[in-house]
Amino acid sequence: MTTNNARDAFENVSQALDTAKDQNEQLTALEKLQTEVETDMRGMSAEESQQYIGQLTNALEASGQLPVLSLAYADQMGGNLDQDDLKSEMRTTNRFAAFGNNSARLDQVFLKYLTDNYDQGANLIETSNNNWVWKDSSISTDDISKKLTEFRETRDERKRVAGNQDSAAPFAEALLEGGDKSLFNFIDRYSKDNSLSKIDMMRYLFDAEASGSTDGVFSAENQNLVKDLVRNWDDENKGRWMRGGFRNEGYFSTGLSKDNLLKSTGYATLQGLVADSERRNAIARGENLPEVTDGGDAVDDAEQQAAESQDQTAPEETEDIAPTEPETVAVAKGDSYWRIAHRLLGESATNKEILAKMTELQELNNNAPLIWNPDNQQQIAISDVRVLPSRTTALPNVISI
């Protein structure tokens, strides 16, 4: 049995939840998933249905969609569920599955989540007063409504942050590239305080107009970028955010520092930002990126054949190149491998692409737990270590990231 149907079911429900505007639409997404799963699993053997549900469950867990669907399932059952209710429902569902009702396996997944997280980390039950000794006796309809609203708000905040990071990337790349000769340092040349204020930006634009130049640091592209930054300087989701106004910190600076500018992109290093930008631009231009062999060498087939056809006895100039360090990205608050993959690929990425990228990230990092610490941000690899080929007269030094 192929597993494409399970992936399709996951992608469909993820898209539905990603656009759900209210609780009713979250419930509708669940109902469509149940119908699709029931259709897919008709005629499957017990082993095939277990494989299907296993893959679907793993994808839902990794993407953070399982809690949303489980609460929608609780809403579907009418709410007001205590632990005994859940255990009773689980016993009935287990019997259905044992007698060949494959679609009951999806119900088992939701019931298990609700049972395992009844009053634990997921906080499915709201405390009704300030007395820490006492809690509600059930997952009430009010609990469900509040939690599903929280899921939607968390999703929207994640999109806001991802959108900000995508918006900040071109500014960071244009301002920081070039080291000492960067546009950032040029604009900062008067105060030299490693921070760009709104006045610094306005002075740059005044100098550009006075000079009449549209080349070099005063290029039309640079001027338009600075004008855009000034225009959005006080916007919570643009200028302020790049100046350190991250919502979980509740603070924004009056100046734009290099650290905050880079941090606002979600990348740990400028090198990583530029490399990923080049990769995206190449894809947008329809270019075929070079294939990477097991040894990490990326060379064009024609160049490889030309190198092999050369006289092997001829002396070659060689220079040993050390392995490159893997590109990394900082783990942000609330991050998962799914969210990082989504951030790297951008909002236009499909769930299928995000799932593939997430799997790649997990393999690169041995599926290490993601821990957010504002004082010492964890870094995870977003590319493998590459051992570059030695420089020779026959082979070019090509790096694939």
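Leaving aside its neighbours within four places in sequence, with which residues is R105 in contact?

A: The model is a predicted one, in which local features need pLDDT of at least 70 and side-chain atom pairs count only at pLDDT 80 or more, while totals for chains, interfaces and linings use all residues. Residues are numbered from 1 along each chain as its sequence is written, and side-chain values use heavy atoms, with hydrogens and water left out.

Once neighbours within four places in sequence are set aside, R105 is in contact (heavy atoms within 4.5 Å) with A46, S49, Q50, I53 and A97. R105 belongs to helix α6; helices here are DSSP runs of H or I with at least four residues, numbered from the N terminus. With a relative accessible area of 13%, R105 is buried; buried means under 20% relative accessible area, exposed over 50%, and partly exposed in between, with a 1.4 Å probe and protein chains only. The C-alpha atom of R105 is separated by 9.7 Å from that of V37, a residue 68 places away along the chain.

Helix α6, which spans residues 104-116, also holds K112 and D116, four residues apart, or about one turn of the helix. These two side chains form a salt bridge, their closest N and O atoms being 2.7 Å apart; the term denotes a side-chain nitrogen of Lys or Arg within 4 Å of a carboxyl oxygen of Asp or Glu. K112 is partly exposed at 48% relative accessibility, and D116 is likewise partly exposed, at 33%.

By this rule, the model has 11 salt bridges. Among them is the pair K159 and D18, with an N to O distance of 3.5 Å. Because K159 lies in helix α7 (residues 141-176) and D18 in helix α1 (residues 4-19), this pair ties together parts that are 141 residues apart in sequence. Both partners are partly exposed: K159 has a relative accessible area of 27%, and D18 has 25%.

Another salt bridge joins E360 and K357, whose closest N and O atoms are 3.5 Å apart. Both residues lie in helix α16 (residues 351-364), three residues apart, about one turn of the helix. Here E360 is partly exposed, with a relative accessible area of 34%, whereas K357 is buried at 15%.

Definitions and conventions
Helix = DSSP H or I, 4+ residues; strand = E, 2+ residues; numbered from the N terminus.
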